[in-house]
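Here is a two-chain model to explore together. Have a look at it first, and then we'll walk through a few of its features.

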Amino acid sequence: MVLRLACFFSFFIPLLSLGQEKVEREYRVKSREVPAEARDWLDDSFEGRKKVKWFMEETSGKRSFEAKFSWNKEAFSVEFDLSGKIEDIEIQQEWANLPKEVKFNMESYFNGKYSKWRIEKIQWQYLGDPDDLEDLMDEDEQEGIQLRYEIEYYGEGEEGKNLWEGLFDDEGEIIGRREIIIPPADNLFF
Amino acid sequence: MKRIVWVFLLALPMEVMAQGRVSNFGLFPEFQLGFNAAENLKITGKIESQHGMVDKTENSDADWGYYHNQTDFQGFLGTSINPFVAITGGYQYRLEPGSDDSHRSIQQISFLQRKGNYKIGHRIRADQTFAPNDPVEYRLRYRISYEIPIEGQSLDPGEFYLVFSDEPIYSLQSGESGFENRFVAALGHFSEGSQKFQAGIDYRTDRFFVSEFRQRTWFKFGWYLKL
């Protein structure tokens with residue numbers, strides 16, 4: 001129940017943070033530094049997966065563990081809180097794999113807001129309690145699962161020419177977005 | 001991993017010198033400062049200086065001894081077309097012992113690509129060098145650079161990275177063509193406060209079309225600061 005409430009309220013956080021900048025830091029950590037609960041959940045949910053790379057992620061003051069690996073030829077990113085409880089599962093996907101209605105709604109948003117836009121990266125994001133997420137992975141059971149789309153895109157419009165990370169609901173309606181600031185790369189050009 | 005990279009970078013000049021055609025090896029410090037002067041106007045200043053430590057020509061002993069080779073002062077004004085493309089114009093003043101000081105005008109367009117966990121930088125640059133008593137030298141150059149994070153999936157503050165770049169340069173002076181290639185391999189650290197530190201090897205080869213084929217190897221280390 002608490003998790004469901006948390007998910008419900010977290011749904012609105014991006015709306016409040018509309019226009020914020022994405023500030024993120026991610027660095028490798030050893031498997032033994034990750035709580036056993038997280039490692040066990042991963043072992044139960046993704047049988048036969050290959051080597052996992054563990055990261056500590058810091059986003060706007062929030063810290064979490066992130067497991068990255070390939071499974072069934074797809075790139076997975078699974079996030080856990082510091083106690084080892086799963087927060088979400090993200091799967092990298094192509095534009096072509098999005099449902100037709102979702103693509104239509106996203107295109108309507110992009111076309112209405114930008115004169116020119118381009119998708120850079122798409123991740124399907126699954127939220128739910130640990131048991132439901134485990135059932136989703138090993139039995140494709142959708143009950144209790146909330147699906148969202150995290151889209152990295154470039155847009156040219158009245159606000160200028162920027163790179164954004166947009167969060168869309170399961171129907172492709174915008175929930176929130178934040179600007180992605182590319183770290184300085186002057187060392188590559190001068 | 002970092003130790004292996006350091007061993008490789010520090011051993012490279014010795015490997016090159018052992019091949020017998022090295023003309024010099026030295027130190028190459030550089031400092032770069034960039035800031036936004038207006039909403040879409042970026043100013044970049046850079047000082048780079050070459051200090052020779054040893055010269056060697058084929059079939060002769062290495063000549064060890066310090067000398068100042070050259071120091072460049074550069075200033076650039078640039079504007080971004082979008083987060084990935086920038087157009088820049090610049091000027092360079094060069095101090096070169098034994099030669100007249102020279103002036104250089106520079107034009108460049110740069111492209112940034114984000115590929116998975118690494119970045120690719122493309123730089124297309126034209127420059128014209130003016131020195132007393134010398135005909136104008138025109139150059140056209142293209143540099144491709146890879147910046148690869150060592151510790152994470154993306155380069156974040158507090159992390160180390162590798163940089164590899166290669167730049168072929170075509171030059172034309174008094175109707176004579178020249179060709180030079182510059183390869184750089186370095187280890188860098190992206191520090192807090194939008195600054196980067198890099199150290200590595202800058203390996204330059206030129207005079208391909210004449211008998212005096214030349215190799216120059218520099219231990220290059222730099223501080224790149226963005227305000």
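In chain B, where is confidence lowest and where is it highest? It is lowest in helix α1 (residues 2-18) of chain B, at a mean of 52, and highest in strand β4 (residues 85-95) of chain B, at 98. Those values are pLDDT, the predictor's confidence in each residue, from 0 to 100. Helices (H or I, at least four residues) and strands (E, at least two) are DSSP runs, numbered from the N terminus.

A bit of housekeeping. This is a predicted model, where local features need pLDDT of at least 70 and side-chain atom pairs count only at pLDDT 80 or more, while totals for chains, interfaces and linings use all residues. Residues are numbered from 1 along each chain as its sequence is written, and chains are lettered from A and ligands numbered from 1 in the order in which they are written.

**Chain B as a whole**

The model scores ipTM 0.86 and pTM 0.81. Chain B has a mean pLDDT of 90, with 90% of its residues at 70 or more. Its secondary structure is 1 helix and 11 strands, and from the N terminus the order is α-β-β-β-β-β-β-β-β-β-β-β. Chain B has 227 residues, of which 23% are buried (20 or more other C-beta atoms within 10 Å of a residue's own; exposed means 12 or fewer, partly exposed is in between, and C-beta atoms are placed from the backbone).

**Where the chains meet**

Here 19 residues of chain A are in contact with 28 residues of chain B; a contact means that the C-beta atoms, placed from the backbone, lie within 7 Å. On the chain A side, β2 (24-28) and β9 (160-168) each supply at least two residues. The most come from β2(A), with 5 residues. By class, this side of chain A has 10 nonpolar, 2 polar and 7 charged residues. Nonpolar covers Ala, Val, Leu, Ile, Met, Phe, Trp, Tyr, Cys and Pro; charged covers Asp, Glu, Lys and Arg; the others, Gly among them, are polar.

**Cores and helices**

What sits in the largest nonpolar core? It has 16 residues, and those touching the most other members are Ala38(A), Leu42(A), Trp54(A), Phe65(A), Val78(A), Phe80(A) and Ile86(A). A nonpolar core is a set of buried Ala, Val, Leu, Ile, Met, Phe, Trp, Tyr and Cys residues joined through C-beta atoms within 7 Å. Leaving out residues up to four places away in sequence, Phe65(A) touches Val34(A), Ala38(A), Trp54(A), Met56(A) and Phe80(A). A second, separate core of 11 residues includes Tyr161(B), Val163(B), Phe190(B) and Trp218(B).

α3(A) and α5(A) pack at about 30°, with axes 9 Å apart. The axes are lines fitted to C-alpha atoms, for helices over the stretch in contact, and angles run from 0 to 180 degrees between N-to-C directions.

Most residues other than glycine have a negative phi. Now compare these two:

Notes
Contact = placed C-beta atoms within 7 Å.
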